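Please open the model in a viewer and keep the selection panel at hand.

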Amino acid sequence: MITTGVPGTRLWVVVGATGTGKSAFSLDLAEALARTGPAAEIVNADAMQVYRGMDIGTAKIPVDARRGVPHHLFDELDVTEDAAVAWYQPRARQLISEISERGHDAILVGGSGLYVSSVIHDFRFPPRDDAARARWEAELDRSGPGSLYARLRDRDPDTAARIDPKNGRRIVRALEILDQGQATHGASLPDAPTLWHEDTRLIGLSSPRDELVARLDTRVQQMWRDGLLDEVRALRAHGWDRGTTARRAIGYAQAAEELDGLLTRDEAIARTQALTRRYARRQVSWFRRYEGLRWQEQGVDASVLLDDSGAHGSPA
């Protein structure tokens with residue numbers, strides 16, 4: 001449990017699938033909190049929004065649209081750096097503690113399930129081994145995730161069963177941990193997770209599946225119209241191709257393949273749409289496991305959630 005900060009400050013957690021309006025809702029919530037009590041500050045929990053220059057494809061809220069609400073952990077890393085959860089967890093917790101010390105509430109918002117879990121639950125990670133990770137990443141680049149997943153399945157079938165076979169980065173991390181002779185955390189929460197912050201309010205935003213799919217497909221098309229290809233060109237000029245995390249982001253990888261002539265425009269968009277839909281399904285499955293998560297339909301008025309009597313609910 002958090003021990004620093006002013007008693008009575010809260011950690012609000014806004015999660016849900018991509019495309020459910022988490023960023024806009026977090027701003028509404030911050031304004032509602034400021035009207036009724038302590039001010040609030042927003043902490044990012046989207047693994048790709050930590051990167052400078054990755055704006056269009058991550059639906060990052062522009063600085064001039066943040067309504068004066070302080071935002072943290074956006075644009076923290078260069079695209080050549082590794083946005084590992086082991087880096088993210090202590091940084092996010094430090095920021096939340098500092099926000100609490102200022103007497104403000106913190107709003108953790110994002111859809112990267114492992115990032116969110118690492119902050120809100122008593123979640124510990126094995127140490128890193130840069131040499132082992134480099135070896136596995138080199139093999140991933142040579143052979144793709146299939147052969148690495150087969151190795152992981154042979155060595156740790158329980159962890160393999162919880163990881164997407166196409167998620168090369170997570171497979172590499174699991175193999176890196178096994179090489180150190182330690183048990184992997186896989187992609188799971190602790191069996192009986194305990195909250196890190198003593199007053200945590202969990203809010204999940206949802207949307208009917210057919211509406212969400214249509215919204216996501218339209219958003220991907222809009223990303224291309226808004227200049228995603230130009231954004232990828234600019235990122236490449238800053239070493240994006242040398243990175244191990246940023247270059248695999250959904251949408252960005254497909255845009256790069258279009259630039260390289262490996263996909264047509266229609267193929268790149270269609271592949272991004274399919275991957276985005278699948279990612280949204282995984283997000284919902286992840287967050288459904290959270291005890292005390294109060295699900296709300298997209299577009300809910302944030303102010304109605306400030307009554308303590310309704311702060312917690314059951315997963316949908």
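A nonpolar core is a set of buried Ala, Val, Leu, Ile, Met, Phe, Trp, Tyr and Cys residues joined through side-chain atoms within 4.5 Å, where buried denotes under 20% relative accessible area with a 1.4 Å probe, protein chains only. The model is predicted: local features need pLDDT of at least 70, side-chain atom pairs count only at pLDDT 80 or more, and totals for chains, interfaces and linings use all residues. Residues are numbered from 1 along each chain as its sequence is written, and side-chain values use heavy atoms, without hydrogens and water.

Select Tyr51, Met54, Leu108, Val116, Ile120 and Trp224, which have the most contacts inside the largest nonpolar core, a set of 50 residues. Helix 2 (85-101) gives the most to this core, 6 residues; helices here are DSSP runs (H or I, at least four residues), strands likewise (E, at least two), numbered from the N terminus.

Next, centre on Ile120. Beyond its neighbours within four places in sequence, its contacts (heavy atoms within 4.5 Å) include Leu11, Val13, Trp196 and Tyr290. A second, separate core of 21 residues includes Val14, Leu33, Ile107 and Val109.

Now select helix 11. Its 23 residues reach 33 Å from first C-alpha to last. Among its buried residues are Ala268, Thr272, Thr276 and Phe287. The buried residues of helix 11 pack against elements including strand 1 (11-16), helix 3 (113-120) and helix 8.

Finally, what share of the lining of the second largest pocket comes from helix 11? Helix 11 supplies the largest share, 3 residues.

Methods: The expected span of a helix is 1.5 Å times one less than its number of residues.
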